[in-house]
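Please view the model alongside the text.

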Amino acid sequence: MAVAERTTLDKLNELFSYLRPRVEFYGKRLPAQPLTSLDQLAEVPFTVKDDFRDNYPAGLLAVPNQELVRLHMSSGTTGKPVVTGYTRGDLEIWAECMERVLRMGDVTADDVVQNAYGYGLFTGGLGFHLGAERIGCTVVPTSSGVTARQVMLLQDLGATVLACTPSYALVLAEALAAEKVRQPLKLRVGFFGAEPWTEGMRRQIESGLGLEAFDIFGLTELGGPGVAVECHEHEGLHVFEDHFLAESVDPETGRPSRPGEEGELVLTSLTRRASPIVRYRTRDLVMLIDEPCACGSPFRRISKLRGRTDDMLIVRGVNVFPSMVEEILLAIPGLTGNYQLVVDRSEKRHDTMQVLVESEPGANREHLALAAQERIKEMIGLTAEVTVLSKGVLPRSEGKAKRVVDRRETTG
Ligand SMILES: [Zn+2]
């Protein structure tokens with residue numbers, strides 16, 4: 001049973017009439033009359049990242065200070081951060097959604113959750129904290145970083161659940177593998193998000209940490225994690241459609257994508273009160289999946305994120321997503337998921353892409369470099385110079401990994 005269209009339409013109209021008098025930005029752009037069908041939503045203007053910057057810090061807030069109990073924010077790539085607010089009710093909704101996320105991995109009050117998402121302004125740490133406490137788990141709020149201590153606590157406190165970014169999960173797996181005396185871990189499930197990651201990376205995380213890895217999705221603009229999560233089927237992420245409305249649009253034209261077609265994910269928060277957002281262009285590329293899932297969830301799915309429209313590199317006219325390169329590298333035995341793409345422009349204004357990737361100890365690096373180069377040429381159609389490095393050379397990240405260094409931005 002899918003979420004009833006009628007209910008969603010009522011929630012949308014209620015949201016619009018709530019927002020019009022409270023947020024000037026929306027007062028000017030939302031339709032004056034209620035929508036009579038969900039199709040009409042396509043005519044409502046988008047909200048984009050710049051709108052957050054232009055209305056910084058409080059222009060998009062819909063409640064006065066007395067009702068606001070929390071602010072979170074994420075750093076913008078340039079300039080001012082994106083600010084999102086919560087009423088007490090918003091925090092309850094968030095906690096409920098985060099509980100659902102954890103329940104997808106059958107997390108109960110018996111579980112010990114090591115929460116290695118950053119605590120603070122970033123939504124990840126406190127979001128998971130809320131959900132895990134609501135369930136009654138034992139929360140170990142390590143926050144991100146201090147890897148040696150994370151590794152010690154994973155062993156000593158017997159965490160059964162891990163939450164962190166996927167790139168940091170790999171860092172932890174690597175640090176554990178380097179332990180001389182290693183106690184067996186009790187990890188059972190892990191929840192990883194805040195950056196796109198591939199199936200190849202899933203295999204590495206699952207084997208390195210001995211757990212079942214769940215992809216989660218959320219973003220600061222919509223209040224943080226708790227928008228969508230995988231079920232045990234791992235065939236896309238269920239969107240919590242009673243709180244968030246997902247659309248997919250053509251990134252060029254902004255028109256709704258055709259069924260089965262990949263497009264840019266556009267999200268509306270239906271029930272938040274402090275910072276509701278209408279038709280936010282996430283820049284994430286996904287496919288909406290209408291077919292019911294074997295798990296029986298009533299919520300539609302989005303495909304695992306392939307990349308962001310603003311992650312896409314154009315190198316000599318070829319579109320390259322870092323995730324495409326990652327998938328190729330991880331399919332070559334001997335290479336690891338630690339890589340970096342360096343895009344540069346030569347004096348002749350000829351763009352080059354260099355791939356730096358780490359190998360497992362004892363690997364034939366020259367051989368691996370050639371294999372990767374050939375495969376990239378074959379799959380992406382681009383000649384890239386591949387340099388295979390020994391393990392541990394590339395920088396490690398405690399949060400989101402920096403996969404792309406685009407020197408054209410500074411030299412071009
Ligand atoms: Zn499912």
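A residue is called buried if 20 or more other C-beta atoms lie within 10 Å of its own, the C-beta atoms being placed from the backbone. By that criterion, strand β2 (residues 82–86) is mostly covered, with five of its five residues buried. The burial extends to both faces of β2: Val 82, Thr 84 and Tyr 86 are buried on one side, and Val 83 and Gly 85 on the other. The model in which this is seen is a predicted one.

Strand β2 is also paired. Strand β1 (residues 70–74) runs antiparallel to β2, and five bridges join the two. Within this pairing, Met 73 stands opposite Val 83 of β2.

| Strand pair | Direction | Bridges |
|---|---|---|
| β1 (residues 70–74) and β2 | antiparallel | five bridges |

Strands of a sheet pair through backbone hydrogen bonds, in either a parallel or an antiparallel manner.

Strands β18 and β19 belong to an open sheet of four strands, in the order β20-β19-β18-β21, with mixed pairing. The edges are formed by β20 (385–389) and β21 (404–406), each of which pairs on one side only. On average, neighbouring strands of this sheet are turned by 15° against each other, direction ignored. Helix α10 (residues 365–380) lies across β18, β19 and β20, and runs at about 145° to β20.

At the level of domains, the assignment for the chain gives domain 1 (88–308) and domain 2 (313–411). Their C-alpha centres are 26 Å apart. How many residues of domain 1 are in contact with domain 2? The contact involves 17 residues of domain 1 and 14 residues of domain 2. On the side of domain 1 that touches domain 2, the elements giving two or more residues are α7 (166–177) and α8 (199–209). Helix α7 gives the most to that side, with four residues. By class, the side of domain 1 that touches domain 2 has six nonpolar, nine polar and two charged residues.

How values were computed: Residues are numbered from 1 along each chain as its sequence is written. This is a predicted model: local features need pLDDT of at least 70, side-chain atom pairs count only at pLDDT 80 or more; totals for chains, interfaces and linings use all residues. Domain bounds come from an automatic or database domain assignment. Two residues are in contact if their C-beta atoms, placed from the backbone, lie within 7 Å. Ala, Val, Leu, Ile, Met, Phe, Trp, Tyr, Cys and Pro count as nonpolar, Asp, Glu, Lys and Arg as charged, and the others, Gly among them, as polar. Two strands pair if DSSP finds at least two bridges between them. Axes are lines fitted to C-alpha atoms, for helices over the stretch in contact, and angles run from 0 to 180 degrees between N-to-C directions. A residue is buried if 20 or more other C-beta atoms lie within 10 Å of its own, exposed if 12 or fewer, and partly exposed in between; C-beta atoms are placed from the backbone.
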